[in-house]
Amino acid sequence: MRVTMIGAGYVGLVSGACFADFGHDVTCVDKDANRIAALRRGEIPIFEPGLDQLVATNISQRRLQFSTEPTGIGEADAVFIAVGTPSRRGDGHADLSYIYSAVREIAPLLPPSAIVVTKSTVPVGTGDEIERILREARPDADMHVVSNPEFLREGAAIYDFKHPDRIVIGTDDARARSVIAEVYRPLYLNAAPILYVGRRTAELIKYAANAFLATKITFINEIADLCESVGADVQDVARGMGLDNRIGSKFLHAGPGFGGSCLPKDTMALIKTAHDYGAPVRIVETVAAVNEQRKRAMARKVVAALDGSIRGKTIAVLGLSFKPNTDDTRDSPSIPLITALHDLGATVRGYDPAAMEQAKLQLPGVVYCDSAYEAAEDAHALVIATEWEQFRALDLDRLRTIMQEPVIVDLRNIYRADEMARANFRYLTIGRPDAERKQGAAARRRKLGNGKATPSKELTGAL
Ligand SMILES: NC(=O)c1ccc[n+]([C@@H]2O[C@H](COP(=O)([O-])OP(=O)(O)OC[C@H]3O[C@@H](n4cnc5c(N)ncnc54)[C@H](O)[C@@H]3O)[C@@H](O)[C@H]2O)c1
């Protein structure tokens with residue numbers, strides 16, 4: 001089948017490359033001429049494991065093309081729209097201007113019986129407006145607009161696209177359903193469930209799913225805070241909850257708050273839509289507010305770890321992307337954390353395996369380093385903000401030798417308290433005060449100072 005993908009960003013590029021890999025003839029169109037030129041040279045503008053190989057293979061087998069113009073769209077069996085829908089400045093509604101201008105641009109070029117598929121995350125009713133624009137531009141045509149929200153995760157995007165938990169197809173039109181089912185047929189053969197629903201329902205499924213995930217994260221984050229107050233361990237609480245099949249273990253990892261290109265903006269957009277329709281989603285409103293405060297509040301943990309002041313001190317921050325295996329820093333918790341550390345008078349040395357270039361655009365005041373160890377050089381504390389694999393087995397002896405003070409604030413709970421105690425580190429976590437207390441007691445019993453750094457004060461447990 002012939003597929004045109006409008007927008008060759010994260011979703012458009014991954015979806016286009018995967019559709020090509022299924023055997024379809026795919027053209028990815030993007031307005032960004034630099035992006036298209038890079039893609040044509042075989043350079044991948046985003047960091048996504050396996051994507052370079054997938055794109056190269058499908059280019060060489062002539063199933064994948066890139067263009068700044070929607071050439072060939074007149075022969076497309078399906079036209080997918082995967083342009084951005086960021087938060088609108090000022091009010092938090094989804095900014096649909098990219099969607100509507102893309103639709104106006106392609107309207108005159110579409111085949112008369114086009115199937116236009118919205119892959120972007122769009123509020124309920126957007127499909128109706130797209131249909132209206134198309135009807136106005138092409139009154140004689142018989143086009144259909146389908147909602148097909150995407151659920152892939154950055155960092156595991158290809159796997160997710162090829163092994164979806166479900167494929168949601170929102171349309172009441174039988175011809176549109178069968179065209180989209182044909183596009184996804186290779187996955188259907190692998191028994192990925194296809195959910196045929198109305199278009200508005202499909203649009204809402206995406207927002208409801210993301211809002212639920214955001215709620216789950218925020219729930220365990222608040223339980224982590226409670227653990228710190230009552231002396232319980234959030235990892236054990238999460239395990240005890242997650243083993244219940246009705247709850248499930250995923251998205252129950254306490255941390256610095258959710259970020260990324262989707263959850264923050266999608267929760268906000270759902271809140272706005274719900275208000276517009278007079279059916280407020282109060283739980284989601286609370287989730288968004290709690291999460292926003294939490295990200296900046298993480299700086300308080302660093303302050304507490306350094307006995308109440310970080311003015312004039314140096315803090316190493318490991319991880320700038322919002323999660324591992326991506327270079328995406330959109331709404332990353334590291335950004336408000338670092339901004340707060342700067343506001344409190346600290347110097348920040350940062351390192352990320354993939355996201356440094358993106359981070360430099362948002363955080364010009366950071367001293368960017370080439371490795372975790374370079375970042376830790378002369379630092380008074382080291383903060384683990386993103387759980388990249390390479391941060392999971394740091395050489396603690398080496399760190400203690402090069403840091404000014406042996407303090408680690410682990411916002412992802414990736415180390416064990418006893419190993420930190422053995423390495424004579426003061427170790428603060430999220431929601432594991434008991435582990436910290438035990439670790440502090442063990443550390444006190446040990447002889448300190450076999451490296452450059454020595455702990456500045458005994459660990460007191462709860463922050
Ligand atoms: N990133 C994710 O993990 C993810 C997951 C699921 C859904 N989504 C949703 O998918 C949509 C796209 O997200 P993304 O992260 O891929 O965005 P992105 O910013 O990475 O990519 C959007 C691309 O669209 C291009 N574009 C904008 N207007 C255009 C036009 N008129 N013609 C051609 N190209 C145009 C931009 O140049 C850009 O390259 C959003 O609605 C998002 O919420 C994203």
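I started with Thr27, which is buried at a relative accessible area of 14%. Buried means under 20% relative accessible area and exposed over 50%, with partly exposed in between (1.4 Å probe, protein chains only). Thr27 sits in strand S2, residues 25–29. Helices (H or I, at least four residues) and strands (E, at least two) are DSSP runs, numbered from the N terminus. I then listed the contacts of Thr27, leaving aside neighbours within four places in sequence: Val3, Thr4, Met5, Gln65, Ser67 and Thr71. Contact means heavy atoms within 4.5 Å.

A note on the source: this is a predicted model, where local features need pLDDT of at least 70, side-chain atom pairs count only at pLDDT 80 or more, and totals for chains, interfaces and linings use all residues. Residues are numbered from 1 along each chain as its sequence is written, and side-chain values use heavy atoms, with hydrogens and water left out.

Next I looked up helix H1. I found 10 of its 12 residues buried, so H1 is largely enclosed by the rest of the structure. Among the buried ones are Tyr10, Leu13, Cys18 and Phe19. I checked the length of H1 too: its 12 residues should span 16 Å at 1.5 Å a residue, and the end C-alpha atoms are 17 Å apart, which agrees. The expected span is 1.5 Å times one less than the number of residues. Just after H1, Gly23 has a positive phi of about 115°.

Then I turned to the ligand. Which residues come nearest to the ligand? Of the 26 around it, they are Val11, Asp30, Thr85, Glu154 and Lys265. Near means a heavy atom within 4 Å. Helices H1 (10–21) and H4 (97–106) each supply at least two residues of this shell. By class, I noted nine nonpolar, seven polar and 10 charged residues in the shell. Ala, Val, Leu, Ile, Met, Phe, Trp, Tyr, Cys and Pro count as nonpolar, Asp, Glu, Lys and Arg as charged, and the others, Gly among them, as polar.

A backbone N or O atom of Val11 lies 2.8 Å from one. A polar side-chain atom of Lys265 lies 2.6 Å from one. Taken alone, the ligand exposes 830 Å², and the protein buries 88% of that. These areas come from the Shrake-Rupley method with a 1.4 Å probe.

Last, I checked Asn424. Asn424 is not a glycine, yet has a positive phi of about 60°. Asn424 is buried, at 4% relative accessible area.

Terms used
Polar contact = N/O pair within 3.5 Å; in protein donor to acceptor, adjacent residues only side chain to side chain.
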